[in-house]
Each structure stands twice: as C-alpha cells, then as structure tokens.
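Q: I am new to this structure and would like to learn how to read it. Could you walk me through it, one feature after another?

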Amino acid sequence: MTKFLETLKTSLNLSSELIAKFVEEGMTELIHFVKLTKEDLRNDFGLKLGPANAILLHIESLIPQKSSLPVSIRIEEESEEEK
C-alpha cells in the first residue's frame, strides 16, 4: 500500500476491502483521485453518500486551491514633480 492510501485509510477509517479496490483499479496516488465524483465513488466502488463525500472533501483539502481573488499589478512611474 502506498503512503497516500495508508494516510487516506487512517484519516477516514476506510476498510481494507475498499483500499484493495483502489489498488486493484490502479488508484494509488492523490493524482488518481483528483477528478473523481461522488457518482464515481458510489457507482464504481459501492460507497454510500457519506463516505463518498468524506473522501472527496479529504482529497480537496490536499489540493492547493487557486486564489479566487483577481490579481493585478500596477506599475507607476514617478512624475518629474515627485522626484
């Protein structure tokens, strides 16, 4: 089991059977979970809504979020009077 799956298992108290399913599907690192949806987890892995949400929230917390604030840089030059 990879360190990521070990952390996921202990953080969310996931069963060994579910972790084995992830390994079987080649889902062993964070990158493999990034685009998962609740429906994927429920349909493909047989999870109920609560555990599916918990996994997605945990994965989301591990991904650095982009700032939602617009960033602008304004360069001003001093006028001759200010110098």
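A: Gladly! Let us start with helix axes: an axis is a line fitted to C-alpha atoms, for helices over the stretch in contact, and angles run from 0 to 180 degrees between N-to-C directions. Please keep in mind that this is a predicted model, where local features need pLDDT of at least 70, side-chain atom pairs count only at pLDDT 80 or more, and totals for chains, interfaces and linings use all residues. Residues are numbered from 1 along each chain as its sequence is written, and side-chain values use heavy atoms, with hydrogens and water left out.

Q: How do the axes of α4 and α5 cross?
A: Two packed helices are described by the angle between their axes and the distance between the axes. Here the axes of α4 and α5 come within 9 Å and cross at roughly 130°. That makes α4 oblique to α5 (under 35 degrees is roughly parallel, over 145 roughly antiparallel, 65 to 115 roughly perpendicular, and the rest oblique). K38, L41 and R42 of α4 make the contact with L49, A52, N53, I55 and L56 of α5, where contact means heavy atoms within 4.5 Å.

Q: And how do the axes of α1 and α2 cross?
A: The axes of α1 and α2 come within 11 Å, crossing at roughly 150°. So α1 is roughly antiparallel to α2. On the α1 side the contact uses L5, L8 and K9, and on the α2 side S16, I19, F22 and V23.

Q: How many helices and strands does the chain have?
A: Helices (H or I, at least four residues) and strands (E, at least two) are DSSP runs, numbered from the N terminus. This chain has five helices and zero strands.

Q: Which residues have the most contacts inside the largest nonpolar core?
A: In soluble globular proteins, nonpolar side chains tend to be buried together. A nonpolar core is a set of buried Ala, Val, Leu, Ile, Met, Phe, Trp, Tyr and Cys residues joined through side-chain atoms within 4.5 Å. Buried means under 20% relative accessible area, exposed over 50%, and partly exposed in between (1.4 Å probe, protein chains only). The largest core here has 16 residues, and L8, F22, F33, L41 and I55 have the most contacts inside it. Two or more residues each come from α1 (3–12), α2 (16–24), α4 (38–45) and α5 (49–62). Leaving aside residues up to four places away in sequence, I55 touches L12, L14, L18, F22, L41 and L47.

Q: Is H58 buried or exposed?
A: H58, found in helix α5, is buried, with a relative accessible area of 15%. Beyond residues up to four places away in sequence, H58 touches L8, S11 and L12. G50 also lies in helix α5, but at 47% relative accessibility G50 counts as partly exposed.

Q: How many aromatic pairs are there?
A: A pair of aromatic rings is described by the distance of the centres and the angle of the planes. Rings of Phe, Tyr and Trp (its six-membered ring) pair if their centres lie within 6.5 Å; planes under 30 degrees apart count as stacked, over 60 as edge-to-face and the rest as tilted. By this rule the count is three. The rings of F4 and F33 have centres 5.4 Å apart and planes at 55°, so this pair is tilted. The pair links distant parts of the chain, with F4 in helix α1 and F33 in helix α3 (residues 30–33), 29 residues apart. Both F4 and F33 are buried, and F4, F22, F33 and F45 form one aromatic cluster.
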